[in-house]
Amino acid sequence: MLQLMSTIVCDCPRDEKCKTCFAQAIMWFGGMARERGVRWAESVARRQPRHLAQPSPHNEGRPAELARAKVADLSEDPRIVERLAANVAEAAERRWRQLQGVLHP
Ligand SMILES: [Zn+2]
């Protein structure tokens, strides 16, 4: 369905979207990506509450890969996935800091 939505407006390659489709994809999926980031932070905090004493574990190395994996289904364009993954990581970090404030004020 998602692919269909974009092919209606444009026929640029799925894995190398034009500027317009790129922006549109970020607009459509940005909120979804941030939502996934929030849930991600919450699930890590639930499973490993001790980690809350430390800075957010979502921004680099393996977590960055995990962030990408969380939005890989949303686009075939690696640049779009990369941007959405940044949204995931950002939202996860923000939520992480909120949770830290609650548990370790
Ligand atoms: Zn396009």
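Helices (H or I, at least four residues) and strands (E, at least two) are DSSP runs, numbered from the N terminus.

The structure is a predicted model, in which local features need pLDDT of at least 70, side-chain atom pairs count only at pLDDT 80 or more, and totals for chains, interfaces and linings use all residues. Residues are numbered from 1 along each chain as its sequence is written. The predictor's confidence in each residue, pLDDT, runs from 0 to 100. Its mean over the protein is 88, and 86% of the residues reach 70 or more. Among the elements, helix H1 (residues 2–9) has the lowest mean pLDDT (54), while H2 has the highest (95).

The protein contains four helices and zero strands, giving the pattern α-α-α-α along the sequence. Two residues are in contact if their C-beta atoms, placed from the backbone, lie within 7 Å. Of the contacts with a separation of 6 or more, 68% join residues 24 or more positions apart.

A residue is called buried if 20 or more other C-beta atoms lie within 10 Å of its own, exposed if 12 or fewer, and partly exposed in between, with C-beta atoms placed from the backbone. By this rule, 28% of the 105 residues count as buried. In H2 (19–47), the buried residues are Cys 21, Ala 25, Phe 29, Ala 33, Arg 36, Gly 37, Trp 40, Ala 41 and Val 44.

Cys 21 is buried, with 21 other C-beta atoms within 10 Å; Cys 21 and Ile 80 are 59 residues apart in sequence and 9.7 Å apart in space, C-alpha to C-alpha. Val 44 is buried because 21 C-beta neighbours lie inside 10 Å. Between Val 44 and Ala 92 there are 48 residues in sequence and 9.8 Å in space, C-alpha to C-alpha.

Which residues of helix H3 are buried? In H3 (residues 62–71), they are Ala 67, Lys 70 and Val 71. Seen down the axis of H3, these residues fall within an arc of 85°, so they line one face of the helix; the arc is that of the directions from the helix axis to the C-beta atoms. The face turned away from this buried side carries the exposed residues Arg 62, Glu 65 and Ala 69. Helix H2 and helix H4 (78–103) are among the elements that cover the buried residues of H3.

A nonpolar core is a set of buried Ala, Val, Leu, Ile, Met, Phe, Trp, Tyr and Cys residues joined through C-beta atoms within 7 Å. The largest has 18 residues, and those with the most contacts inside it are Val 71, Leu 84, Ala 85, Val 88 and Ala 92. H2, H3 and H4 each supply at least two residues of this core, with the largest share, nine residues, coming from H4. Leaving aside residues up to four places away in sequence, Leu 84 touches Phe 29, Gly 30, Ala 33, Val 71 and Leu 74.
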